[in-house]
Amino acid sequence: MTLFDQISEDIKAAMKARQSDRLEALRGIKKEFLEAKTAKGSNGELTDEQATKILAKMIKQRKESAQIYTEQNRPELAQAEMAQAAVIEGYMPVQLSDSELEGELRRIIAAVGAQGPRDMGKVMGVASKELAGKAEGRAISAKVKELLN
């Protein structure tokens, strides 16, 4: 079952269980998926890899919105955004731990033949593709800087 199909099934379940917060988040996910499927240049299909990238973007947006709401002293809106982010995170692949991330990055650095900080672009290009959905870009970047210095 693809991620798109799983979301559709979970929407039905949330409707039956009358879980309005979960339903709102799931409908948002489905909307983004449908837009990606019908976008210009798209072949009408949505792979799980593409879906994972969309989910990661949605999580980042929700967390940034929650932070803004918190700064503006609007805790009820921040809480709603974080609840939606939690629902979306449930569909993401398991994130790599810090030690697993470091191991993967050491392997990539060796494969690319990176020598120092000037090779960060090469490493990030490969790491971003291989670790997409498994770790945040910010975490990957920070760890690559640390390992290359």
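Modeller: Asp10 is found in helix H1, where a helix is a DSSP run of H or I with at least four residues, numbered from the N terminus. What you see is a predicted model, in which local features need pLDDT of at least 70 and side-chain atom pairs count only at pLDDT 80 or more, while totals for chains, interfaces and linings use all residues. Residues are numbered from 1 along each chain as its sequence is written, and side-chain values use heavy atoms, with hydrogens and water left out.

Asp10 counts as buried because its relative accessible area is 15%, the class being set at under 20%, with exposed over 50% and partly exposed in between, for a 1.4 Å probe and protein chains only. Beyond its neighbours within four places in sequence, Asp10 is in contact with Arg22, Leu26 and Tyr91, contact meaning heavy atoms within 4.5 Å. With Tyr91 there is also a polar contact, side chain to side chain, at 2.4 Å; the term requires a pair of N or O atoms within 3.5 Å, and within protein one must be able to donate a hydrogen and the other to accept it, while residues adjacent in sequence count only if both atoms are side-chain atoms.

Turning to H3, its 24 residues should span 34 Å at 1.5 Å a residue, and because its end C-alpha atoms are 35 Å apart, the two values agree; the expected span is 1.5 Å times one less than the number of residues. The buried residues of H3 are Ala51, Thr52, Ile54, Leu55, Met58, Ile59, Arg62 and Ala66, and what covers them includes H1, H2 and H4. Arg62, in this helix of residues 48-71, counts as buried because its relative accessibility is 14%. Not counting residues up to four places away in sequence, Arg62 touches Glu81, Gln84, Ala85 and Ile88.

Just after H3, Asn73 takes a positive phi of about 60 degrees, although Asn73 is not a glycine. Asn73 sits in the loop between H3 and helix H4 (75-89), and at 63% relative accessibility it counts as exposed. Another non-glycine residue with a positive phi is Arg18, at about 55 degrees, placed in the loop between helix H1 (3-17) and helix H2 (20-38). Arg18 counts as exposed because its relative accessibility is 75%.

Technical notes. Helices (H or I, at least four residues) and strands (E, at least two) are DSSP runs, numbered from the N terminus.
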